[in-house]
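Subject: Structure for your review

Dear colleague,

Please find below the structure that I am handing over to you. My notes on what was found in it follow directly after.

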Amino acid sequence: MKRLILLGACAMQLCLNANAQQKTNPADIQEKMQWFADAKLGIFIHWGIYSVKGVDESWSFHNKKISYPDYMAQLKGFTAEKYNPREWADLIKESGARYAVMTTKHHDGVALWDSKLSKLDVVNSTPAKRDVLTPLYAELRRDSIKCGAYFSLIDWSHPNYPGFLKDSSRYDAKKDPARWQKFLSFYEGQMAEVMNNFNPDLWWFDGDWEHSAEEWEAQKMRTMLTTHNPKTIINGRLQGYGDYDTPEQNFPVSRPAYHWWELCMTINNNWGWQPQDTNWKTPFEIITIFVDAVSNGGNLLLDIGPKADGTIPAEQVHVLKELGAWNRKNGEAVFNTIGGLPLGHFYGPTTLSKDSSTLYLFLPGKTSGQVVIKGLDNKIQDISVVGNGTKLQHKVVGKISWSPVPGLVYIDVPENVQDKYVTVLKVKLDKPVKLYRGKGGFLSGE
Ligand code: GLC
């Protein structure tokens, strides 16, 4: 998302509304979106020449933190000498993620595959001398992980792309449509290469903000990709021609308006590898962010930034493994569920089984004593702790016998059944969840 210097809710609103003019109708894409809705967790991978010096991906030269020649000098250091796509795929699998999105080309224009349309790729211009995407996608597919391709529409290196540095551009696309047309055939050609070589399950476009849908020929691109693979999913950064919303870094406090959404977030403060950035999110933080997104009907696309030699930094491996261990224990409450209760019923994230008759409650950190559910108009059949099966006691308080308003359900959660990060309770209901949403009136329950 474009770097906007705005704060808090306002910036978030902008972020979420960036593709407010969505052209796709949820009913038409429901079927192909199902795996995405069930997947919940994806791993984003930002790998490129920016990991050589450890600078901002593309933005460092665009924003003039580093000169363009100095940025491009990183091509010489991109060795990928210890790159082991088998290990990458295994780590992603171990994290519990169901899909991975790899940068095929960032705004710097450096392609990570063997592009026939440009020499600016890791095969022709770096010591890696190989297409790093083909083996990764093969290994991911071997592990049954869906393959996503991040593809930047912006290409600040291409001689026929207007934008370059933050305060200078090559030309104005509106004033020189013939030159813009040349860029379009190049970028559409590269997109077709990625499509034909890798047949992505998901396209993750970025940078649509620099031009309009008409200029990008967004509708034509969507048609090209979905004709080739009708099941392919397109993120919401194609000027309205995408399938789902992509809030970035900013956690949506209320449910985004779109039917499907995915929060993309860095594991420290940056997308790519930057050695000085040690602000790692802890496993506890990642797990609580993850379950909160799922509770609100969304996915988490958690980013990692491998080093130029192809190794994944130990701190990132640690977070992915801890997340994976938690997912193996608690996954039934996350994967293949639907978003949980609206705000006001439980102090924490919740999810529901697809038939809505099992409610999962997430308890971040240690809880002393009891937790409470409000306005639950169901009979509870059974409550247990996910991952160890311990049965828990509950009691209903404040129920007036002659009022339709349900009482408060207090559940005892002993210390010794709790998870070190987030404990999950499984509440089996007598029927699909029914909620009381009124103001506490006596008779009508209004
Ligand atoms: C932003 C940035 C880009 C990053 C992307 C990931 O749009 O432009 O550098 O790759 O976010 O979501």
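Is Gln-239 buried or exposed? Gln-239 is buried, at a relative accessible area of 15%, where buried means under 20% relative accessible area, exposed over 50% and partly exposed in between (1.4 Å probe, protein chains only).

This is a predicted model, in which local features need pLDDT of at least 70, side-chain atom pairs count only at pLDDT 80 or more, and totals for chains, interfaces and linings use all residues. Residues are numbered from 1 along each chain as its sequence is written, and side-chain values use heavy atoms, with hydrogens and water left out.

Backbone angles

Gln-239 has a positive phi of about 45° although it is not a glycine. Most residues other than glycine have a negative phi. Gln-239 lies in the loop between β7 (233-234) and β8 (262-266); helices (H or I, at least four residues) and strands (E, at least two) are DSSP runs, numbered from the N terminus. Lys-129 also has a positive phi, near 55°, and is located in the loop between α7 (122-125) and α8 (133-142). Lys-129 counts as exposed because its relative accessibility is 62%.

Helices α12 and α13

The axes of α12 (residues 283-295) and α13 (residues 314-330) come within 9 Å and cross at roughly 55°. Axes are lines fitted to C-alpha atoms, for helices over the stretch in contact, and angles run from 0 to 180 degrees between N-to-C directions. The two helices are therefore oblique to each other, as angles under 35 degrees count as roughly parallel, over 145 as roughly antiparallel, 65 to 115 as roughly perpendicular and the rest as oblique. On the α12 side, the contact (heavy atoms within 4.5 Å) is made by Pro-283, Ile-286, Ile-287, Phe-290 and Val-291. Residues of α13 in this contact include His-318, Leu-323 and Trp-326.

Among the buried residues of α13 are Val-319, Leu-323 and Trp-326. The buried residues of α13 pack against β1 (41-45), α6 (85-95), α12, β9 (299-304), β12 (358-364) and β17 (422-429).

Met-265

Met-265 lies in strand β8 and is buried, with a relative accessible area of 7%. Leaving aside neighbours within four places in sequence, Met-265 is in contact with residues including Trp-271, Ile-289 and Leu-301. The C-alpha atoms of Met-265 and Ile-286 are separated by 9.5 Å, with the two residues 21 apart along the chain.

Yours sincerely
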